[in-house]
Amino acid sequence: MVTRRDLLKWHLLILLLLLTISYRVLCLSSASAICDFSITDRNKLYNFNLASPLRNFPHGVLSEDGFYKVEENETVLWFQLCDVMGFNHDPPKCVDCPDCGGPSHCGMNCSALVANNIGGYPVCTTIGRAKSISINIIDKENPPMGVIVKMSNSGQAHNCSLTVSVICDANGVQGPYSLNRTGTCAYATELKHPSGCAEVANINAKGWGWFSTLILIIVCLFGAYLLAGAVYRYFFLGIRGIEFHVSMACQHETDVN
């Protein structure tokens, strides 16, 4: 026999399931909005939807591990594109991580974190946040090549940033392998991913040429001339009915000859 308490438990479970699904849908929609980018070039529209699901990549460019990781010398960098990071394994181990989750959840509240070896200890610095993401194409002369995703974080000590080049590669994911330091607290890396490939649509950008415009002007002037003639004969000459149509036909023949 089903009791009222059992019904209440089922209702709570269903409510929890709906809330979880809604949260995931909202997160995915937010990530898609952040990482949508379009550009028009030479009568073609290039749409980049980095967070949209693909056949073999249901999360788009987002790492299924919750983060990407790249190391160079004594510097380690973690990042996630279009969203904040998540760590089910191999979390950052830093001396301090106050503005990105704190010591117990380091890296969980930002999109990019770098650890530098200072005095023998890994010191972490937040260098990117999802809300500060901007996107542009890599090469203006070759838009299908991919896009540059840049995220930043401004602090009291310094302004930091991470630039990730997402290069179009329909065959799969490669990288990130290298890490470059482009400033005091600015870093750059790249990876190849199918999400970096654009959806291309042709745009019919052909407008009116000078000859078509001239023809349109002539037709409009001719129509205005006929209209003015009709008004003049109807109101000033008093031509009505059949006489009106005969007069208009005569006028047209006269204009042609």
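Is R129 buried or exposed? R129 counts as buried, at 19% relative accessibility. The cut-off for buried is under 20% relative accessible area. This model is predicted.

## The R129 salt bridge

The side chain of R129 meets that of D99 in a salt bridge, with an N to O distance of 3.7 Å. R129 lies in the loop between β6 and β7 (134–137), while D99 lies in the loop between β4 and β5, so the pair ties together parts that are 30 residues apart in sequence. D99 is partly exposed, with a relative accessible area of 37%. R129, by contrast, is buried at 19%.

D41, R42 and E141 also take part in salt bridges. Shared partners join these residues into one network. In total, the structure holds five salt bridges.

## K69 and its partners

K69 meets D90 in a salt bridge at 2.9 Å, N to O. D90 lies in the loop between β4 and β5 and K69 in strand β3, so this pair ties together parts that are 21 residues apart in sequence. K69 also meets E71 in a salt bridge, at 3.8 Å, N to O.

How accessible are these residues? K69 counts as partly exposed, at 30% relative accessibility. E71 is partly exposed at 48%. D90 is partly exposed too, at 36%.

## The four-stranded sheet

Strand β3, which carries K69, belongs to an open sheet of four strands. The strand order is β3-β4-β5-β6, and the pairing is antiparallel. β3 (68–72) and β6 (121–128) stand at the edges. Each has a single partner strand, so one side of each is left without a neighbour in the sheet. The twist averages 20° from one strand to the next.

Which strand is joined to β4 by five bridges? The partner is β5. β4 covers residues 75–79 and β5 covers residues 112–118. The two run antiparallel. Within this pair, T75 stands opposite N116 in β5.

## The three-stranded sheet

A further open sheet has three strands. Its order is β1-β2-β12, again with antiparallel pairing. The edge strands are β1 (36–41) and β12 (199–202), and each pairs on one side only. The twist averages 20° from one strand to the next.

D41 falls within the 36–41 range of edge strand β1. D41 is also a member of the salt-bridge network with R42 and E141.

L214 is partly exposed, with a relative accessible area of 39%. Patches are made of residues with over 30% relative accessible area, so L214 at 39% passes that cut-off.

Technical notes: Residues are numbered from 1 along each chain as its sequence is written. This is a predicted model: local features need pLDDT of at least 70, side-chain atom pairs count only at pLDDT 80 or more; totals for chains, interfaces and linings use all residues. Side-chain values use heavy atoms; hydrogens and water are left out. Two strands pair if DSSP finds at least two bridges between them. Axes are lines fitted to C-alpha atoms, for helices over the stretch in contact, and angles run from 0 to 180 degrees between N-to-C directions. Buried means under 20% relative accessible area, exposed over 50%, partly exposed in between (1.4 Å probe, protein chains only). A salt bridge is a side-chain nitrogen of Lys or Arg within 4 Å of a carboxyl oxygen of Asp or Glu.
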